Amino acid sequence: MWDVISNETASDVARQCLEDGSPTSGRRAARSGEAASSSAGAPAAAVGQESEPRCYRAAALLARLALGRESSDNISVVVIDLKGRG
């Protein structure tokens, strides 16, 4: 994914998903040309209280962004919330 998404963008997207659970950064990124594809592979189920944990959403969104920007890399994304917000 690093061939098409900057460290700053990846950090911003993950941070936003982890802070409030909504991918608003992804919507903002999509408006700025980082089109998200709807055909991302689903990551393995994560353990947590929520039906779709924030880490899962952040990883899925980052994978979709990389696919949408036609990354030439194999794409695997793991997001770990070290603060354990849920």
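Predicted model: local features only at pLDDT ≥ 70, side-chain atom pairs only at ≥ 80, totals over all residues.
## The nonpolar core

Start inside. The largest nonpolar core has 18 residues. Six of them touch the most other members: Met 1, Ile 5, Leu 62, Leu 65, Val 77 and Val 79. Two elements, α1 (7–20) and α3, each give two or more residues to this core. The biggest share comes from α3, with 8 residues.

In soluble globular proteins, nonpolar side chains tend to be buried together.

## Leu 62 and its contacts

Now take one core member, Leu 62. What does Leu 62 touch, leaving aside residues up to four places away in sequence? The list holds Met 1, Ile 5, Ala 10, Val 13, Ala 14, Val 77 and Val 79.

## A nonpolar patch on the surface

Move to the outside. Val 78, Ile 80 and Leu 82 make a nonpolar surface patch of about 410 Å². One of them, Ile 80, lies in the segment after α3. Is Ile 80 buried or exposed? Its relative accessible area is 62%. Exposed means over 50%, so Ile 80 counts as exposed.

Glu 70 is not a glycine, yet it has a positive phi of about 55 degrees. Glu 70 sits in the segment after α3 (54–68). Glu 70 is exposed, because its relative accessibility is 67% and the cut-off for exposed is over 50%.

Conventions: Residues numbered from 1 in each chain as written. Heavy atoms only, no water. Helix = DSSP H or I, 4+ residues; strand = E, 2+ residues; numbered from the N terminus. Buried < 20%, exposed > 50% of the residue type's maximum accessible area, 1.4 Å probe, protein only. Patch = residues over 30% accessible without salt bridge, like charges linked within 9 Å, V, L, I, M, F, W, Y side chains within 5 Å. Areas by Shrake-Rupley, 256 points an atom, 1.4 Å probe, with all protein chains shown as cover. Salt bridge = Lys/Arg side-chain N within 4 Å of Asp/Glu carboxyl O. Core = buried A, V, L, I, M, F, W, Y, C linked by side-chain atoms within 4.5 Å. Contact = heavy atoms within 4.5 Å.
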